[in-house]
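This note sets out several points for a colleague who is looking at the structure for the first time.

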Amino acid sequence: QAISRYRQGDMGNAIGLLDHILRIQPDHAQALFYSGMIRLHNPKWRAVGTEEVEKALSLEPYNVAWTVEYVKFLLDNGQQIRAKRLVEKALEGNPASEELNSVLQSCREGQLGAKP
C-alpha cells in the first residue's frame, strides 16, 4: 500500500505507512528507499532522506531502477558530480546495464538535470 500511495502522489499517507514499516523492520530496503525519496523533497528532512536512500542502495546495490531515480533527483538539484560518481559505482556491479550506461552518457552530455 505504501508504494502504491507513493506512485499515486499521496506522500502524506505513504510516509506514514513507510515509517510504520521501518519501525518494525529498520533495514527494509524498499521502505528506506521510498521514505528517503519522499524526505529528499523537503529541505528539513533532506539529510535523513539522503541517509535512507543511500542505506537502501547499499542494501540493494543491484537495483538499477532505484539508482536511476536517485541520480535523476541529484541531477535535478545540481549535484552532477555526486550523480556521476553514483552511476559509476553502480556500473562496477552492473557493467552491462544499458540503463545505467545511458544515464552516465546523459550525465556526461549534460542532458539530465538541466533546469530551463
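1. Helix α5 (residues 64-76) and helix α7 (residues 98-109) have axes that come within 10 Å and cross at roughly 15 degrees. That makes α5 roughly parallel to α7, since angles under 35 degrees count as roughly parallel, over 145 as roughly antiparallel, 65 to 115 as roughly perpendicular and the rest as oblique. Axes here are lines fitted to C-alpha atoms, for helices over the stretch in contact, with angles from 0 to 180 degrees between N-to-C directions. Helices are DSSP runs (H or I, at least four residues), numbered from the N terminus.

2. The model is a predicted one, in which local features need pLDDT of at least 70 and side-chain atom pairs count only at pLDDT 80 or more, while totals for chains, interfaces and linings use all residues. Residues are numbered from 1 along each chain as its sequence is written, and side-chain values use heavy atoms, with hydrogens and water left out.

3. The crossing of α5 past α7 is left-handed, meaning that the near helix is turned anticlockwise from the far one by less than a right angle. On the α5 side, Val 64, Thr 67, Val 68, Val 71 and Leu 75 meet Glu 99, Leu 100, Val 103 and Cys 107 of α7, where contact means heavy atoms within 4.5 Å. By class, this contact has seven nonpolar, one polar and one charged residues; Ala, Val, Leu, Ile, Met, Phe, Trp, Tyr, Cys and Pro count as nonpolar, Asp, Glu, Lys and Arg as charged, and the others, Gly among them, as polar.

4. The axes of α4 and α5 come within 10 Å and cross at roughly 150 degrees; the two helices are therefore roughly antiparallel to each other. Their crossing is left-handed. From α4, Arg 46, Thr 50, Val 53, Glu 54, Ala 56 and Leu 57 make the contact, with Trp 66, Thr 67, Tyr 70 and Phe 73 from α5. These residues divide into six nonpolar, two polar and two charged.

5. For helix α2 (residues 11-24) and helix α3 (residues 29-40), the axes come within 9 Å and cross at roughly 140 degrees. That makes α2 oblique to α3, and α2 passes α3 in a left-handed crossing.

6. What is the volume of the largest pocket? The value is about 320 Å³, a volume being the space filled by probe spheres set on grid points joined across faces, edges and corners. A pocket is an open set of points on a 1 Å grid over the protein atoms alone where a 1.4 Å probe fits, with protein on both sides within 12 Å along at least five of seven lines; lining residues have an atom within 4 Å of a point. The lining has 13 residues, of which Leu 57, Ser 58, Pro 61, Leu 86 and Lys 89 lie nearest the centre. The largest share, six residues, comes from α6.
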